Amino acid sequence: MSHYEAPIREPLVLGDKTYHDITEDIAKPIEGKANKNWYMAFYISLAAMLWGFGCIFYTVGTGIGVWGLSKNIGWAWDITNFVWWVGIGHAGTLISAVLLLFRQKWRMAINRSAEAMTIFAVFQAGLFPIIHMGRPWNGYWVLPIPNQFGSLWVNFNSPLLWDVFAISTYLSVSLVFWWTGLLPDFAMIRDRAVKPFQKKIYALLSFGWSGRAKDWQRFEEVSLVLAGLATPLVLSVHTIVSMDFATSINPGWHSTIFPPYFVAGAIFSGFAMVQTLLGIMRKVTNMEDYITRLHVEYMNIVIILTGGIVAVAYATEFFIAWYTGSPYEYYTYLSVGAATGPYAWAFYSLLFFNILTPQLLWFKKIRRSFIWSFIISIFINIGMWFERFDIIAIVLSKGHLPSTWWRFEPTFVDVGIFIGTIGFFFVLFLLYARTFPVIAQAEVKTILKSSGEFYKKRREQGIPTKPAIVVAKAAVKKEDSDNNLNE
């Protein structure tokens with residue numbers, strides 16, 4: 001009985017679920033037809049994506065001049081979106097890798113979708129530097145490969161080149177980690193498939209998984225190794241993104257607090273996006289029994305923690321801007337100048353969404369509410385977008401010389417591309433929800449006996465917990481005999 005949970009702990013799998021029920025529930029969105037919620041979400045996302053793609057083609061065809069940039073503000077909306085999307089991707093790696101190393105059971109139901117979110121978010125992030133080049137067909141120039149220009153080589157001192165390595169490493173490790181975890185689930189769909197074409201596709205995707213003990217042993221070992229590789233990536237990727245700014249000499253960017261502050265902000269926004277996605281996914285794929293209030297509460301606790309770290313970083317930045325007494329620091333993104341200048345609306349939006357809104361999660365009723373969690377998670381992501389916008393636009397708008405002062409205003413193309421990437425992200429996620437198992441069924445089955453509501457109730461009543469199928473059959477037999485007696 002030692003591996004069973006204390007009765008006081010809430011179950012992580014609701015309802016009278018057997019092992020077979022879990023298989024049925026997780027295979028249903030793939031094998032059945034999509035519900036109305038899915039179609040509604042998909043068409044809205046598709047419309048946004050097509051608008052965004054139209055804006056991208058217009059940008060590439062006409063030039064970067066269609067954005068709101070100038071000779072003084074060379075970075076703005078696009079790099080804001082790049083950092084925002086990279087940050088959102090962080091929670092997936094944290095949930096799947098760090099929580100795996102800590103053996104947290106509650107990650108089982110959410111890790112697969114969080115990992116998918118990481119990959120789709122990194123796709124969106126990668127789009128922005130490529131478009132920003134102005135000549136995306138020369139995008140391969142960022143790679144240190146032999147070329148036709150003689151001894152031309154990339155600048156290894158540039159943080160922008162470090163970004164290329166950070167993002168590509170992050171994407172490849174996350175992709176391998178995600179795919180490895182999906183193998184048993186693909187095999188489950190393969191074995192259930194009725195159509196020969198579907199069977200062939202899932203047979204290819206599952207890499208010949210047979211479910212032998214040897215397969216499982218290798219699966220566990222590889223998962224641990226990949227989790228060990230992915231954990232430093234949680235810290236390193238956003239540290240390198242922060243160095244885009246921290247290694248410059250601009251007041252407000254030239255700051256040693258940036259790396260830990262960016263990492264905390266990334267986990268903060270990433271968990272908020274997981275909350276947003278799971279709120280939608282529970283309804284779209286009917287997974288209410290697997291993504292429970294307990295999952296939402298645990299994620300909200302992480303949001304409170306990382307939100308606190310971000311708030312302390314804000315206070316530190318604000319204090320340093322004042323304490324240095326430098327007139328240049330007066331115009332950094334967290335300073336009196338920012339609070340009273342032309343970007344005051346962005347400054348106060350940042351404080352409201354990122355510091356005040358998450359404080360509501362201290363109240364247990366709000367922390368355990370699906371609706372409130374969903375609303376607060378959207379607010380946090382709006383706030384984190386404003387944080388990146390403030391860092392970039394406010395700092396660049398006020399240079400050392402008054403002649404370089406400029407106020408950035410986005411054009412419809414800037415806004416269109418951003419909305420397009422949000423649409424593209426949700427299109428990918430909704431297609432994933434219809435073709436891939438959204439919950440790691442093999443992993444959820446491992447916690448069914450210890451954390452399933454059905455088993456916890458039986459243990460409380462002192463009934464021996466036999467295998468689920470035996471219990472279910474016994475219940476059916478008892479029902480039949482009772483019916484016979486009544487007749």
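## Overall picture

Of the 487 residues in the protein chain, 53% count as buried (under 20% relative accessible area with a 1.4 Å probe, protein chains only). This is a predicted model, in which local features need pLDDT of at least 70, side-chain atom pairs count only at pLDDT 80 or more, and totals for chains, interfaces and linings use all residues. Residues are numbered from 1 along each chain as its sequence is written, and side-chain values use heavy atoms, with hydrogens and water left out.

The secondary structure amounts to 18 helices and zero strands (DSSP runs numbered from the N terminus: H or I of at least four residues for helices, E of at least two for strands).

## Salt bridges

The whole structure holds five salt bridges (a side-chain nitrogen of Lys or Arg within 4 Å of a carboxyl oxygen of Asp or Glu). One of them pairs Asp 185 with Arg 112, with closest N and O atoms 3.7 Å apart. Asp 185 sits in helix H5 and Arg 112 in helix H4, 73 residues apart. Asp 185 is buried at 1% relative accessible area, and Arg 112 is buried at 2%.

Glu 297 meets Arg 367 at 3.1 Å, N to O, and Arg 368 at 2.7 Å.

Technical notes. Buried < 20%, exposed > 50% of the residue type's maximum accessible area, 1.4 Å probe, protein only.
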